[in-house]
Amino acid sequence: MKKATYIVLGCWALGMLVSCESFLDVNPKGTLSEGQLSTPENAENLVIAAYSSLGNDNYNNKTNGLWPYGDLRSGDAYKGGAGTGDMGEWNLYETFVSMRVDVGGLDQKWYRQYVAISRANNALQRINELDESVYPKRTIRAAEMRFLRAHFLFELKLLFKRVPFVDETLPPEEYINVSNVQLSDAELWEKIITEFRFAAENLPPDNEGQLGRANQYMAKAYLAKALLYAAYEQNEQHEVTNINRQKLEEVVSLVDELATRYDLAEDFAYNFLCEYENGAESIFAVQTSLNDGTELGRLDWSAMLNYPMNPEYGCCGFHQPTQNLVNAFKTGSNGLPLFDSFNAADMRTAAQVKTQTVDPRLLHTVAITGLPYKYKPDFIFQDSWIRQIETYGNYMSLKEVVLYDNPCFKKVNPFMSSSKNRDIIRYDDALLWKAEALIELGRHMEALPIINRIRSRAAESTSRLVDNNGTPTGNFRVATYQDGINCNWTADFARNALRWERRLELAMEGFRFFDLVRWGIADTYVNEYLRIEKTKRSYLVSAQFRKNRDEFFPIPLAQINFSKKLYEQNHGWE
């Protein structure tokens, strides 16, 4: 009997062991094995997760929108807000002289860009593991992910110049073992160009009716942009040493291909209104949403701080146009820019805008006291709406904001936001790339009609710039360039006209500083701007751009330390 009991107990114990082993072999709930992830459905979900990085903005120093990096450092915008200590890191960007290698916001920007790249790489890993027979969209989705990866890398390159290139063959934990100087400046550009070229060759012309998806034309546009930047070859001191003609020729050809798909909007205003987004001029935009079943929607957080301080809004007064920028919109009696004398006297008031001849794009870009705000004739911008007028003056930015009564406006207390898309590439921008390339190729006469086309559209974009009586709110006068009549269209004149046109057309959109660096004129341009502007804004009194250093941000110290000093610091920041 006793022996039988031992046998029963032994069998029970053995059964428990077998049961435990069987239980431990079951995957825990809430986790997926590598094999489970490699399905078409999960690959599609990872692709969407990568796209979502485009809209993962944060107002607190980590914005995907480039205005804190491209406008504050270019002479187009003051930081704004409640004084120099409010979002103080942006004040460091704007004034240069006190900029440090340990600025936390730049470290976060670096980190967020690589999180986005990691998402694209993760999706690519799954895509590459699937056969075309089970995943017919395999090649298309791979091209989309390489397009996105190149976009995030392109922005990193603009900000930091020398950054690590990591792709899907490298596990994320190994990213830190790739040096930021493993590739030369030119080699890194070629990597980015190769990514966009692959996308252009493998994406369909349409994006399945889903406006946010990359298509062949978006990729060709971004390829043209990357080629344009790469054409201005730089040395280690950030000086332009050569302009690559072959790359410029391809820019011209690619923009010509875009002409079959895109066109300028009838009115410049359409580019900055929710109701006209994804129009004929929009090539690549961050798609936002409201009332989409989520609590807040997928809003544009990059502009969340850029509304005035009036009751209809309430916060926060950042991103204020400079006096220099406002003056740049003046035109002469002949309707052309005042290249040499624009900054001799300030144009500050509504009365002056109605007497001095101006380019209409001024009032599409800048809110001026006494004039309608954002095309609403009875909604008049006031000095009291400015958060700290004594420091930053009495202008506010207009392009990125929407009216308080617009269906796409949303309060996210204490901040403001909207579901208005943010354009990354528009056709007007691309046309000006072509004009720039033609000028640098010595074909400046071919650039003339392109620049005139942009100016003609500006001249015609006045229907919304009126008061309650339908009277124009400015003395608008814009003329086209006529060689031998109102100008001598030489190569040098054409270059100056092109650079001026880019400023007026794309003002306050975050691009200007990167243009200056590409052209190799950032030091002379910014220091001349500061020389005059510091007499008007006392907080700029010590500001100074240091040549061969300030063209790029320093590699964040936290990243250098994390890499165990594998990363090398940018020239001038050692």
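Tutor: Let us start with one link: the disulfide of C274 and C408 is right-handed, with 50° about the S-S bond. Please keep in mind that this is a predicted model.

Student: Which parts of the chain does the pair C274 and C408 tie together?

Tutor: C274 lies in the loop between α10 (245-258) and β4 (282-286), and C408 lies in the loop between β10 (395-397) and β11 (409-412), so the pair ties together parts that are 134 residues apart in sequence.

Student: How far apart are the sulfur atoms of C274 and C408?

Tutor: They are 1.9 Å apart. A pair of cysteine sulfur atoms counts as a disulfide within 2.5 Å, and C274 and C408 do form one.

Student: Are C274 and C408 buried or exposed?

Tutor: Both C274 and C408 are buried.

Student: How many disulfides does the count come to?

Tutor: The count comes to two disulfides. Besides the link already discussed, a disulfide joins C315 to C316, with an S to S distance of 1.6 Å.

Student: What is the handedness of the disulfide of C315 and C316?

Tutor: The torsion about its S-S bond is about 80°, so the disulfide of C315 and C316 is right-handed. C315 and C316 are both buried.

Student: What pattern do the disulfides of the chain follow?

Tutor: When the bonded cysteines are counted along the chain, the pattern is 1-4, 2-3.

Student: And why is C487 called buried?

Tutor: Buried means under 20% relative accessible area. C487 is buried because its relative accessible area is 8%.

Student: Let me change topic to α5. How many of its residues are buried?

Tutor: Helix α5 (residues 88-95) is mostly covered, with six of its eight residues buried. The buried residues are W90, N91, L92, Y93, E94 and T95.

Student: What do the buried residues of α5 pack against?

Tutor: They pack against the helices α4 (67-70) and α6 (104-128), and against the strands β1 (77-80) and β5 (318-321).

Student: What comes just after α5?

Tutor: Just after α5, F96 takes a positive phi of about 70°.

Student: Last topic: which residues have the most contacts inside the largest nonpolar core?

Tutor: They are M145, F147, L362 and Y373, in a core of 181 residues.

Student: Which residues does L362 touch?

Tutor: Leaving aside residues up to four places away in sequence, L362 touches V326, F329, M347, V353 and I368.

Note on methods. Residues numbered from 1 in each chain as written. Predicted model: local features only at pLDDT ≥ 70, side-chain atom pairs only at ≥ 80, totals over all residues. Heavy atoms only, no water. Helix = DSSP H or I, 4+ residues; strand = E, 2+ residues; numbered from the N terminus. Buried < 20%, exposed > 50% of the residue type's maximum accessible area, 1.4 Å probe, protein only. Contact = heavy atoms within 4.5 Å. Core = buried A, V, L, I, M, F, W, Y, C linked by side-chain atoms within 4.5 Å.
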